[in-house]
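Hi,

Here is the structure I said I would pass on to you. Have a look at it first, and then read my notes below.

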Amino acid sequence: MIPLLFFQAMMQQPETDPWLLSIGSSERIVVRANNAYRTPDGKRATLQEIAAAVDGKSFVYIGEEHDNADSHRWQTLIIGALVEHGREVVIGLEMLQREKQPILDLWTLGKFSEEEFLEKVDWKRQWGMDYALYRPIFEIARKEKLRMIALNIPRDWVRTVSRSGWEALSPEAKSQLPEPYMSDAEHFEVFRALMGGHPGDASLENVYRGQVLWDEAMADSAIRYYNERYRSGKTVFVILAGNGHVMYRKGINFRIKRRTGMDGITLVTVPVPSETNERRVSAGVADFVVGIREKKQIQ
């Protein structure tokens with residue numbers, strides 16, 4: 001557990017841009033909308049180059065801005081590039097909870113119409129974001145017969161841990177989860193920046209406990225699938241989640257590596273201001289950065 005004095009010190013710091021943290025690197029790169037970049041040198045990268053960078057890796061983490069169609073367009077393009085590169089893609093979804101896995105399986109087998117799927121999976125209550133944003137991902141999965149995995153857990157579990165800690169969870173819930181690993185100071189730094197320099201009160205530590213459980217649980221869902229289901233040397237698990245769950249390789253990616261030792265490739269999608277059409281980001285934020293248009297620019 002991170003000591004309380006650490007939380008107090010961090011909460012006294014000024015507000016920080018979460019895209020400019022010096023975690024992993026103090027270098028900065030410039031990104032522009034509708035382009036992908038390699039972070040080590042800041043040069044543009046093609047979809048084919050991104051797919052080739054995944055050679056020898058079992059996991060790819062693609063961060064998204066949930067309500068931005070450009071994020072999901074790029075996720076779909078990268079999945080397609082991996083398929084063309086000869087990889088057997090499995091898609092892990094933050095958007096759906098584990099209990100919906102049987103319905104997800106039937107969707108990819110073509111057993112439901114889109115309308116039937118959305119009703120049976122209870123999309124509006126499970127996620128709530130406009131399904132049209134995610135349609136390209138689900139359509140490519142169905143077209144290419146790609147397996148899709150529900151990574152998330154009941155919100156009540158996250159709320160319980162946020163309010164009262166791990167020990168407050170029911171024995172049944174605990175049996176399905178690893179105990180959250182709370183001792184990563186850099187992860188808390190990312191979390192605090194994403195919270196916008198939240199005032200210094202005890203509630204931030206509470207919310208952080210829930211965030212860690214959330215990441216830990218989604219990592220656990222992916223590991224369970226990876227260990228228990230068929231895979232070949234060509235299999236790659238593409239995890240789609242909010243940027244905050246993968247930035248600086250400190251979320252789901254960190255927890256999978258901590259438990260399995262397996263590295264992956266991390267990519268984030270960063271909104272670029274329309275006024276300047278460029279944005280500076282830390283080179284440590286991911287292996288690749290994609291500049292996306294701000295939501296207001298997308299018609």
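**What turned up**

Arg38 has a relative accessible area of 24%, so this residue counts as partly exposed. Keep in mind as you read that this is a predicted model.

Arg38 has a partner: its side chain meets that of Glu49 in a salt bridge, 3.8 Å from N to O.

Another one joins the side chains of Glu114 and Arg135, at 2.9 Å from N to O. That pair also links distant parts of the chain: Glu114 sits in helix H5 (residues 114-121) and Arg135 in helix H7, 21 residues apart. Then there is Asp122 with Arg125, at 3.0 Å from N to O. Here Asp122 is partly exposed at 23% relative accessible area, while Arg125 is exposed at 64%. Finally, Arg98, Asp220, Arg224 and Arg259 are linked in a salt-bridge network.

On to the rings. I have 15 aromatic pairs for you. In one of them, Phe59 and Tyr226 have ring centres 5.3 Å apart and planes at 35 degrees, so the pair is tilted. It bridges distant parts of the chain, from Phe59 in strand S4 (residues 59-64) to Tyr226 in helix H11 (residues 202-228), 167 residues apart. Both Phe59 and Tyr226 are buried.

Over the face of Trp107 lies Arg142, 3.8 Å from the ring centre.

Which residues touch the most other members of the largest nonpolar core? They are Ile91, Phe117 and Phe138, out of 43 residues in that core. Helix H7 (residues 131-144) gives the most to this core, with seven residues. Setting aside neighbours within four places in sequence, Ile91 is in contact with a list of residues including Ile79, Ile137, Leu146, Met148 and Phe237. A second, separate core has 36 residues, among them Leu151, Met218, Ala241 and Ile252.

Cheers

Notes: Residues are numbered from 1 along each chain as its sequence is written. This is a predicted model: local features need pLDDT of at least 70, side-chain atom pairs count only at pLDDT 80 or more; totals for chains, interfaces and linings use all residues. Side-chain values use heavy atoms; hydrogens and water are left out. Rings of Phe, Tyr and Trp (its six-membered ring) pair if their centres lie within 6.5 Å; planes under 30 degrees apart count as stacked, over 60 as edge-to-face and the rest as tilted. Helices (H or I, at least four residues) and strands (E, at least two) are DSSP runs, numbered from the N terminus. Buried means under 20% relative accessible area, exposed over 50%, partly exposed in between (1.4 Å probe, protein chains only). A charge sits over a ring if NZ of Lys or CZ of Arg is within 6 Å of the ring centre and within 35 degrees of the ring normal. A nonpolar core is a set of buried Ala, Val, Leu, Ile, Met, Phe, Trp, Tyr and Cys residues joined through side-chain atoms within 4.5 Å. Contact means heavy atoms within 4.5 Å. A salt bridge is a side-chain nitrogen of Lys or Arg within 4 Å of a carboxyl oxygen of Asp or Glu.
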